Structure formats: structure tokens, C-alpha cells
Amino acid sequence: MGLSKLISSDSDSSIQSTFASRYVRTSLPRFEMPKNSIPKEAAYQIIKDELMLDGNPRLNLASFVTTWMEPECDQLMIESINKNYVDMAEYPITTELQNRCVNMIARLFNAPLGDGEAGVGVGTVGSSEAIMLAGLAFKRQWQNKRKAQGLPYDKPNMVTGANVQVCWEKFARYFEVELKEVKLKEGYYVMDPEKAVEMVDENTICVAAILGSTLTGEFEDVKLLNDLLLEKNKQTGWETSIHVDAASGGFIAPFLYPELEWDFRLPLVKSINVSGHKYGLVYAGIGWVVWRNKSDLPDELIFNINYLGADQHTFTLNFSKGSSQVIAQYYQLIRLGFEGYRNVMDNCRENMMVLRQGLEETGCFNIVSKEIGVSLVAFSLKDNSRHNEFKVAEMLRRFGWIIPAYTMPADAEHVTVLRVVIREDFSRTLAERLVLDFKKVLHELDLLPAGEGSSKNG
Amino acid sequence: MVLATNSDSEEHLHSTFASRYVRAVVPRFKMPDNSMPKDAAYQVINDELMLDGNPRLNLASFVTTWMEPECDKLIMDSVNKNYVDMDEYPVTTELQNRCVNMIANLFHAPVGEDEAAIGCGTVGSSEAIMLAGLAFKRKWQQRRRAQGLSTGNPNIVTGANVQVCWEKFARYFEVELKEVKLSEDYYVMDPAKAVEMVDENTICVAAILGSTLTGEFEDVKTLNDLLAEKNAETGWETPIHVDAASGGFIAPFLYPDLEWDFRLPWVKSINVSGHKYGLVYAGVGWVVWRTKDDLPEDLVFHINYLGADQPTFTLNFSKGSSQIIAQYYQFIRLGFEGYKNIMENCMDNARRLREGIEKTGKFYILSKDIGVPLVAFSLKDSSKHTVFEIAESLRKFGWIIPAYTMPADAQHIAVLRVVIREDFSRGLAERLITHITQVLKEIDGLPSRIASLAATAAVSGDEVKPAKMSLEDITKYWKRLVEHKRNIVC
């Protein structure tokens, strides 16, 4: 409530409308905090105006992250914006809502829980934090096992596909675990379970499979991985286990492909992460990690504190953070229920097919993504000798669409794709409009001389 | 946009509290099979949340609980922007960069005019501290490897008063924590003892500006000077990190002459919480490094699958943009003068509260006059009643005030702590004093619960110590009782 002692030389400044005031005439502070206060209306307007030049989140087809929620939920969010989630003793209901979400998600993933038994897991800021926590738990378990056997424990590694999202690489680098990546190849853009199991050695803390590869939306064959790893474990006795990075797929597979065995139904899967803010249908800022059993989460990683007024446990990388997204997740889980989520995912899939078919019909694209998986369409130009995918993306920007073009990781770096993610709020109408705009762009490109913008970064 | 296929044709006419949804058991363990109308979902959740504490009466927390409506509006407008999409939201990214510049400048980082500072926004000081610690660990490893020495046993020197995130950093990133113990009446890290503990494996010494427990500022200047001497002898180049989570947005405005920041040559990185005295809601912190050299390049990642090259050095990836925008709003809305006014108000109100508490004659004040605006106080006589009882009684009025024990070696001291935030006005301060006085009177009239606790222990077969139980035992019994009451069935 800073009532600034504003000694204004201009006596009319308090009645001037914002755009009549001197505040819109001065250069915006970039390097140093300004000396004086300014009226709140001016601060609001100036920032709002600059932000107009950001992309429109709903036209951002690069991202899986939710960009629309019902107004009732927006209301709940703004009402809880001043609640610091970590004050568990002060906000016990909010804490309970988190616990309920963990219970529901654990059961959605078929965790072996009894009736009324609490799930083992926690809400995080996103899948990055979730993965780091899961990785930490694996690392610690493995270290304890090795110590007990009197074996060295200074060279932990983890086996993943080269298609992993960057947070796995971060985990590896920050927590000093070697990343052993199964390389991709043209036409095969996920981790090959056989090659993965081959790479497993005594220092492997876990094998990470992805349900919903970032690049093409494919689900990796976790069942096959589980079966092959079981065999190897029998021979070696290493008890290597699996983590499933279900950041996008975790809220799709249970609704669209309930028969697909990828979760705790497979005995070697010990932990799973999922992004609440992707197909969990909540705004950015929430992820979940669940463990199979309490024994899969080492006690020594859990801290007990009391300076917020009561004893509480904490096992997350972040401490203070907002409560809004946790509450929003619970809202979605009870508002939509199983049927609602299934309807939304069905719609996404339908609209994905419309887009996919529309693009195929142009005759100019190879579709790289599969029909089963996350609802997205990844495609490359059949002929990119004259213009490449980056140019196409750049031209689509003019219509307002934000569609990323990117190169595949090793060993398929020569392949470039465009990727459109279908979120809840991408309706059929938008899909059809996008196809039309693609056709316009292709037509224009045909008329342009070759090479203009075949540079990598458009 | 989920049009549920509703079979009951009249249901959509029912008002929320007339519908069957408020009759059904709230889902706790399993996702419900069916959808429910959005109004019902909203109402059901809203009603349960009424039983949460009132954030503004939560005097346990430093974290901001009020912002201007204009800022609330900016926050809601950007709630659907994923901060990490830097290419898609370049203006939001720029706002973050401006905040980093301003904060680095505030802390006297040696940046030229118009030069970009090195730092980033985080979800809070926990993430900021982990990033800073990681940078120190990596630099130390590089230095050691270059000298052909072992890198197996890194450690960090701090006071026992550190916030839990330092312990987390130590445990998760496998760095040994060497803590300088506290003692009665000295509740911060002693610089001389800290420097003594520094050895060749020390990756940094962490000082706190605004100790969580008593709000004190540690003497970073003395630490710097003593460390400079030791470094000159040993050649170890041990650096300093300042955890200015609360103090970073207080010292520059109230104590501009206090040297604690980059003005001291051995300070290499600083973290501050935007969501404490940065005056933004929970969810934003900042870390700044002195120069580019202090942040090893191999910790920075470059990715391109969101469409363009973007560097990232944070633990979190996707997250909301709202708090970053809110931080920039506060910087330009308030400016230096605005922050100064607010901090002065906080100190004034803290002083008033402190005086009122002292006047009751029943308390020792542990917090100092210089530091974070808070009042930490303990009972002069805890033989009949404890601060935990007082905290519990104050809850009746709606106040949430934590009571806790000090860390090693002062565990026998229990304190109550009231944090003065921007939105804690004089009126509220005076009302709190009235309530504390009232509670003291009521408690005096009650029989001592401590004697009866000992009796309960005897009955239940617990070991009972001789008549004069130590305060530590008393607080343990009490806390167990309180904990039991707070165990809510999920």
C-alpha cells in the first residue's frame, strides 16, 4: 500500500488520463530501478502495452502447455494467488487438495494401493522438478545398494533415448550422473528397448522411457522394455528399474488407450512423472511425480522443519511457490472426471486427424508422427531443396500461427520437422483454417526464387 | 469447452446448493467417473478452502500476501503464458532481463552502463540457491582438476541458522554442510568461526542477510575481510555467497551504507526472494552473479525444439510468467522511493509491536532493531506455560503466529515470531498487542499444562524425567499434542 509522497510539480497529473500523462513519454527503465514511483494505472498500462507484442498463447502451437481454462477455475486461481503453498500448517486444505490429486493420479497409473490408502508422490512446479526428484531417488537407492555390497558408487549412469527432453540432460549434468543415450535413426525416432537394455550395466541407476516423445508424440514400448529388462535382471541380479517420463502421455494413455500397459502394471516401473500443465489441462506451473511404494522413496531425502509453526515434511526442490495451480488441478480432476478427460482427449485426437489428413492431401509433406500417441502432427517437406521447414514456419508467423521447426537429435540431424501440437482449445475450425494457411504459404513459396531463406534459422 | 452429455434434463436448472453435487462425498482417492457442472466444482472447492487460514493473518510468513488490483489484473492476463517459451513471448523474457539488471544494479554488481547483468529469475530462493551452489561446486571442481587435486569431498560453510534449502542443496548435490553452531544470545554465524572452518574443499561460505529465525543481518563485511586474509595465505580463493532472501530488498533501501553485496570483492553471487520483500506473490526468486566468469558455461544449456536457440540455466523449465511480470510492475510502479517508503513503514510497525510486547513484561526480545522487520520473542518464564500454548491461543483470534525451537546449540530456546509485511498496518499491530495481552491473562488463570503432561507421560509409561523438566522436553511433549490435533484425515 505504498502511498508515495509524490511531490509532483505538475499539479494536474492526478487527473490526467494515462496516455495524456508524462509517463508514456519517458523511456522505460531497463537497467536500473527508477528513482520515483509512478501511478498504478500508468504502470499497468505501460506493461500491458509492451506485452501486446508477445505471441498469442492460444496460437502458440509449439507448446503442449495449457492455454485456456474455464472462468470458474480462473476465479479459484486468483482467489488463492496469495497463498504460499509451502505453509502447510496454515493452509491445510490446500495441502489436502494436493494429496488428493496425488492419490487420484497414482490410481490412474494403477499404483498398487489399497482402498483408502494414500499414494506416494508430490506436486512439483513441472516435470523438470518431478524428474529431478525421481532421478535423485533412483541415485540414492542405487548408492545405498552399492555401499551395502561394498562396491564403488562414484560412476552412476542412466540409460535413455537421444529423444529425451532437455531436463534429463540437466538432471544428468547437475546431479553428476552419466547419460547413456540410445541413438535414433531416420524413421525410428524413439528409444529402442533392446538397445537400451544392452546398454544397462552395474552402474545404471535406472532406464528412462518416454510416454509421448517430445519430438513426434510417440509412446515408447515400455512393456517390451520391462520384459527385456526383467530377463537381464535375472541374469545379472542388478535389479535395474524403470522410470516413465509420461509428461505428456500420462494424461492421454489412460483415457484413449486404457489397454496399453505402460504404468505400474509393469513390475519394474518404480516412478512416473506427468505434467499437470500439459494434458492435465492446467496452466503452466504444475507437475506430478508418483512412486510405486514408499520404499522407492528413500527417507533420507525427506526433510523435517518446524519454523513455519508446525512439523512438516518437505521433499521438493522448490519451497515457496503459488497454490493456484494445485487447486486448479483438483478442480479439473473433479470437474471433468474420467469421462470429461476422455472427451477432451477424443476431441484432440479427432482434430489432430483432421489436420493430419489436410496436410497429407497437399501432397507436399511426409508425416513423421504416428496416429497413436500424443495428439500432434510432426511433418517434414517432401522436397526441401528450394525452401526448408524453417522458411515455412517463418511465413506462417505472418498469419499469427507459431509453429516450431527443429532438427532431430543424433543420429538423425539431417531431418527437420515442423510440429503442431493439438491442445484442448484447438478446435476443428482452427484446424481447417490452419490447413488453408499452409496451402497459401506453400503456394507463395512456389513463386519465390529458391534458396531465399533456406538458411537454418529462417 | 466440455459439453457434458447430461442425462438428467432438469439438472441444469438446479442452483448449486440444490443439486446433488453438494450431497455427494468429495472425491479423495480416485478420479470420479463422471463430470460435474463447473459451478458445482467451483463451489465445492471454494467452500472447502474457506477452512484454510487467512493469508493476510499468516504472520509466520515473509511471503507477500497483497498486491494492487492493477497488478492482479496483469497476473491473470498472463496466467496462460508459459515463461519458458522465450521465442514466443520475447517481451516477457525481456521483462525478466530488465529485472535481473535492476537487481544486479541494486546490489552494486560491477556492470557497465547499458551492460546486461548475469542472473536469472527462479521459482524462489530455493532454486536460486541451488543454482548458485551448483556454480560454486563446478568452479571449485574445475580449479581442483586443473591443479590435479581430488574433487571427491566438496563442502560448504554456513551457520546452523540456515534455511532448510541449504541443507537440501547439500544433501541433494552431495556437498558436506559444515555448520557453525549458534549459542544462546548469538543466533547468527560467527564470521571468525566460519573462516576457521574453511578448508581446501570448501566451495564457498554462505552468509545470510536476514536470518530466518531472528531477522538479523550477518556481518558479511567482517566475513569478507577475514576470508580475504585467509585466501591470501592459502591461495584457495574461497568465495562468498550471500543468501539475501529477505534482506536483499530491505538493506539497499533502509541501510544503504551497509556493505554486504558486490561492493565486497569476495561476494560472487547473491540470491533474493522476489516474493518476500520484493513484494510479489509466491513464486519468484532471483539469483545474480558478479560477472560472467562466476557462472560456468557448461552449466548453461542451449535448446532449439521450441523453434529457436535459447539458453536455459534453471532447474525448472515450464512455469508461469505472472510473477515475473508482477516483479517488473513493482519495480516501475514503486521505484526506489516507493520501496523505501514501504520498508520504513514496516520497520515503524515492527517497532510499535516490539514496544507493545516488551510492555507486557513477560517476554525477552531476540530480534534486533536492525534487520528484517520482524519481532521474535520468548517467554521469560516457561515453567508453567510455553510459547506453543500462546501461539495456539492466538489462533482463536485468527492470528497465525509460529512458535519454534532454535537450532543447535540453542535448542532449549523456543520463540514466537511475527513477521511484518507490507500489508500489516499499525492498526493490526495494536490489535495484536491487545490480543497477546488478553491471552497472557487467560493463560495465567489456567492450570499449568506442563505438570499434567508429565502426569500423562507417567500414566502412558513414557520415561519421566525428574520434576524440573528441561524446556526441550516440554516443547517436545507439547508439539506432539499439537501435531496430533493437526493430523487431518485425507
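Where in chain B is the place of Leu57(B)? Leu57(B) lies in the loop between helix H1 (38–49) and helix H2 (69–77) of chain B.

## Basis of the report

This is a predicted model, in which local features need pLDDT of at least 70 and side-chain atom pairs count only at pLDDT 80 or more, while totals for chains, interfaces and linings use all residues. Residues are numbered from 1 along each chain as its sequence is written, chains are lettered from A and ligands numbered from 1 in the order in which they are written, and side-chain values use heavy atoms, with hydrogens and water left out.

## Chain B as a whole

Chain B contains 13 helices and 13 strands. Helices (H or I, at least four residues) and strands (E, at least two) are DSSP runs, numbered from the N terminus.

Of the 490 residues in chain B, 61% are buried. Buried means under 20% relative accessible area, exposed means over 50%, and partly exposed is in between (1.4 Å probe, protein chains only). Contact means heavy atoms within 4.5 Å. Among contacts in chain B between residues at least 6 apart in sequence, 70% join residues at least 24 apart.

Leu57(B) is partly exposed, because its relative accessible area is 21%. Leaving aside neighbours within four places in sequence, Leu57(B) is in contact with Gly398(B), Trp399(B) and Ile400(B). From Leu57(B) to Phe173(B) the separation is 116 residues in sequence and 36 Å in space, C-alpha to C-alpha.

Lys276(B) sits in the loop between strand E6 (267–273) and strand E7 (285–289) of chain B. Its relative accessible area is 14%, so Lys276(B) is buried. Beyond its neighbours within four places in sequence, Lys276(B) is in contact with Phe62(B), Val63(B), Thr64(B), Ala245(B) and Ser246(B). An unreviewed UniProt entry places the feature "modified residue: N6-(pyridoxal phosphate)lysine" at Lys276(B); such annotations may be inferred rather than shown by experiment.

## The interface with chain A

The size of an interface is often given as the accessible area lost when the parts come together. Chain B and chain A bury about 12000 Å² between them, 58% of it on carbon and sulfur atoms. This buried area is the accessible area (1.4 Å probe) that two parts lose on being put together, summed over both. The contact takes 136 residues from chain B and 132 residues from chain A.

Across this interface there are 15 salt bridges, each a side-chain nitrogen of Lys or Arg within 4 Å of a carboxyl oxygen of Asp or Glu. One of them joins Arg100(A) and Glu48(B), with the closest N and O atoms 2.8 Å apart. Helix H9 (residues 322–359) of chain B gives the largest share of the side of chain B that touches chain A, 14 residues.
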